Amino acid sequence: MMEKSYIHNGVPWFDQKGETVNAHGVCLLKEGEKYYLFGEYKTDDVNKYIGFSCYSTENLSDWYFEGLALQPQNEGLLGPNRIGERPKVIKNHKTGKFVMLMHTDDLKYMDPCIGLATCDSIDGTFEFQGPLLFNGEPIRRWDLGTFVDEDGTAYLLIHEGDIYRLSDDYLTAVEKVSENIAPGGESPAMFRQDENYFIMFSNKTSWERNDNYYLVAKDLHGPWVNQGLFCPEGSLTYNSQCSFVFSLEAKGKNVPIYMGDRWSFPQQASSATQVWLPITVVGKTCLIPEYWPVWDSETISKVSIEGIEEPLEFQSNKNGESVSYTFNGSQVIVFGTSDCHSGYADFLIYDELGELIHTAVVDFYSLVPDSNSRYVSPKFPTGNYMLKVIVTGTNGVWYKKDGTKFGSDDFYVTLQRVKVCNED
Ligand code: GAL
């Protein structure tokens, strides 16, 4: 029997309908017995706000699409042809309300502003309230994070390292507690371990990954000390950008879990994936010593899925070329290499009647090469299936505000082997 609390990194996840989990720049909250994931609901072509999604789970492994937590608005900061990114939801225990903060912008990222939405229940539809105010003025900044301290005080974290304390009801910002502690830093994420506060940042390379770093302080007012990288240098934060740190209760203690984005422009909806890993904290240092392709969130340990491995060697950059593999089992895992010459592949699963029962789009691009699992199918009733992997002849290419080009220079899809698992 396969364990239920396994987290697979860097592969698309699927919801109750077998559709790809579409949540990016996420945050995670626990309410009752369930965890709720809020994120950017992306498209596969244009980069614009089409809503923020909410998914729930009891085991951090099986995801249920609750729907859109915040709908596109008819006008205003999140109206048509606007950007909406990095929704962060916090629960106010005094008012019982859920408060969502997010980055709003125009399509060129020239009109940034922190927005505010509220809801009475965690799985309800949030109501957009407009800009979050500080001294009566909107905060005209972009990447953000949130942090709630043990006493319930909440903070807004901003790129370059500004930190604001929120009012008791979390509906306005009332104090700037730190300023510019990380010049050039983006995507802030904070956690606390004992008496130390840790804040992580990425560098500014748009959706390209870079070596993220962290600072530590005993007081949110500082002094903040830059502690350097928390992943091995050159791994580009295991090919991800920090988004959030969730404090997971496991093994009788709180374990900080790093949650990062492996972006995939333009196919963000289908192919951008998550990298979630436990953080090791020793005093003032924090570290993710190793990349775990799959790990158990109950035991906080790296695991290997049981199954039968077979070679499936394939490499092509030709649009339409494909490889097929028939198997008897309940799940298939495909291993391959991503690098800067690679593109997208369509993954299709057919049942024994030849009916298409599952599809996914997998990105084989990464700036630093990485050989790992690239696709983990949903679990099916044990039976005969065929997997087909088709080279699409498309790849991820994107540009930063200043015109810098990022992404792949070819369309390769490279596979090495498969693993077939059986639930029975
Ligand atoms: C990143 C930022 C993302 C997104 C992206 C757009 O630097 O962290 O949230 O805004 O740029 O290029």
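Begin by selecting P223, which is found in the loop between strand 18 (213-217) and strand 19 (225-229). In this predicted model, the peptide bond that joins G222 to P223 is cis, with omega at about 0 degrees.

Next, select F265 and P266. These two residues are likewise joined by a cis peptide bond, and here omega is about 10 degrees. P266 has its place in the loop between strand 21 (253-262) and helix 2 (268-271).

A further backbone feature is found at N180. Select this residue in the loop between strand 15 (173-178) and strand 16 (186-193). N180 is not a glycine, yet its phi is positive, at about 55 degrees.

Now turn to the ligand, which sits in the second largest pocket. Which residues surround the ligand? To display the shell, select E85, R86, Y109, D143, E186, S206, W207 and Q241. Coloured by class, this shell shows four charged residues, two polar residues and two nonpolar residues.

- E186: an N or O atom of the side chain is 2.3 Å from an oxygen atom of the ligand.
- D143: the corresponding separation, from a side-chain N or O atom to an oxygen atom of the ligand, is 2.5 Å.
- S206: a polar side-chain atom lies 2.8 Å from an oxygen atom of the ligand.

With a surface displayed, consider how the ligand is covered: taken alone it exposes 310 Å², and the protein buries 92% of that.

The last stop concerns aromatic rings. How many aromatic pairs does a search of the whole structure find? The search returns 28 aromatic pairs. The ring centres of W13 and W276 are 4.9 Å apart and the planes stand at 90 degrees, so the pair is edge-to-face. Why does this pair tie together parts that are 263 residues apart in sequence? It does so because W13 lies in the loop between strand 1 (6-8) and strand 2 (24-31), whereas W276 lies in strand 22 (residues 273-278). Displaying that loop and strand 22 together with the two side chains shows both ends of the pair in one view.

Notes
Residues are numbered from 1 along each chain as its sequence is written. This is a predicted model: local features need pLDDT of at least 70, side-chain atom pairs count only at pLDDT 80 or more; totals for chains, interfaces and linings use all residues. Side-chain values use heavy atoms; hydrogens and water are left out. A residue is near a molecule or strand if one of its heavy atoms lies within 4 Å of it. A polar contact is a pair of N or O atoms within 3.5 Å; within protein, one must be able to donate a hydrogen and the other to accept it, and residues adjacent in sequence count only if both atoms are side-chain atoms. Accessible areas come from the Shrake-Rupley method with a 1.4 Å probe; for residues, only the protein chains shown count as cover. On a 1 Å grid over the protein atoms alone, a cavity is a set of points where a 1.4 Å probe fits but cannot get out, and a pocket is an open set with protein on both sides within 12 Å along at least five of seven lines; lining residues have an atom within 4 Å of a point. A molecule sits in a cavity or pocket if more than half of its atoms lie within 2 Å of its grid points. Ala, Val, Leu, Ile, Met, Phe, Trp, Tyr, Cys and Pro count as nonpolar, Asp, Glu, Lys and Arg as charged, and the others, Gly among them, as polar. Rings of Phe, Tyr and Trp (its six-membered ring) pair if their centres lie within 6.5 Å; planes under 30 degrees apart count as stacked, over 60 as edge-to-face and the rest as tilted. Helices (H or I, at least four residues) and strands (E, at least two) are DSSP runs, numbered from the N terminus.
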